[in-house]
Amino acid sequence: MSKVKYHYDSETQSYRKIERRKGRRTGIVLLSILGSFLAGFILLVIYLNIPQIETPKEKALKRELQNMELQYGLLNKKMSQIQNVLANIEDRDNNIYRVYFEANPIPEEQRLAGFGGINRYKDLEGFDNSKLIIETSKRMDILTKQLVVQSKSLDEIANLAKEKESLLSAVPAIQPVKNEDLSRIASGYGWRTDPFTKVRKFHHGMDFSAPRGTPVYATGNGRIKRADNRSTGYGNHIRIDHDYGYTSLYAHLYKYNVRVGQRVQRGDIIGYVGSTGRSQGPHLHYEIFKDDRRINPINFYYGNLSPEEFDKVLEKAQQENQSLD
């Protein structure tokens, strides 16, 4: 119940009841509301323009966020450097190493395979720095994939290098007798006159004239496949299996210096020159087989001849003379 107010009238020396006006009451209410709104607006402006007072915990979190952004920036810079180095390695791998060892280059699609399709970074979305985190994670995954592929490629290259080294050691690559002055080549590969029938006959090897007992050398690494006289015309002879489809044959020997199954190295003495079998005189008949097919031995003397010496040997071997067997 509202209080009743009175006014003292000095003229009549009496009290009169004060009557409130309805419009004034409404005005007071409106002024109160307007005043409250203005006060709130002023406080809001002051709040927005006055620097916020951060708590120690908020300051620590802000510093941690700034440090994280800095570390992500440094990480991306390092990854760019690593990617440049890796790109150089990949280029050398495809265009030098794999070409040298006759291996197919690794296509770019294979190096980057496995990064399409599903969104593997969905859990990283929705944060203030989601874009930075997702891009960094994506680059890291691609880099990891490239490193795995390159590592496997280098393992393959290492195995190919070992096999290449073994192949180079196995292939017959020197002359089977010492021939410093290149005077021992009596007959080459091709059509020659048979010493017994005097008709032209294909000569499947090379003849090296040498005194009886001259050492005969293995022309490449391998295993002694045969050392006997049970092959028509060859007399005492040795066959070396060099693997990779290569076999070398040394015929008309005086005696052996090896046994069947023995491993020999290029340059080992395996026997001595003789004149056994179908032979006109002391000499070594030398043949090379590739995949069971006879080929010209002249192409396998790169191991101990200079280009000039090879030309001289080639000239002698091409002369159509009489063979010694």
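Which residues are linked with Lys201 in a network of salt bridges? Asp194 and Arg278 are linked with Lys201 in that network. This is a predicted model: local features need pLDDT of at least 70, side-chain atom pairs count only at pLDDT 80 or more, and totals for chains, interfaces and linings use all residues. Residues are numbered from 1 along each chain as its sequence is written, and side-chain values use heavy atoms, with hydrogens and water left out.

**Overall build**
- The chain has five helices and 15 strands (DSSP runs: H or I of at least four residues for helices, E of at least two for strands, numbered from the N terminus).
- Of the 325 residues, 32% are buried (buried is under 20% relative accessible area, exposed over 50%, partly exposed in between; 1.4 Å probe, protein chains only).
- Among contacts between residues at least 6 apart in sequence, 64% join residues at least 24 apart (contact means heavy atoms within 4.5 Å).

**Salt bridges**
- The count comes to seven (a side-chain nitrogen of Lys or Arg within 4 Å of a carboxyl oxygen of Asp or Glu).
- Asp228 has a salt bridge with Arg226, closest N and O atoms 3.0 Å apart, and another with Arg230 at 3.4 Å, N to O.
- Asp228 counts as buried because its relative accessibility is 7%.
- Arg226 is partly exposed at 25%, and Arg230 is exposed at 67%.
- Lys290 and Asp291 form a salt bridge, with closest N and O atoms 3.0 Å apart.
- Asp291 is exposed at 54%; Lys290 is partly exposed at 22%.

**Helix α5**
- Helix α5 spans residues 307–317 and includes Glu309.
- Glu309 is partly exposed, with a relative accessible area of 30%.
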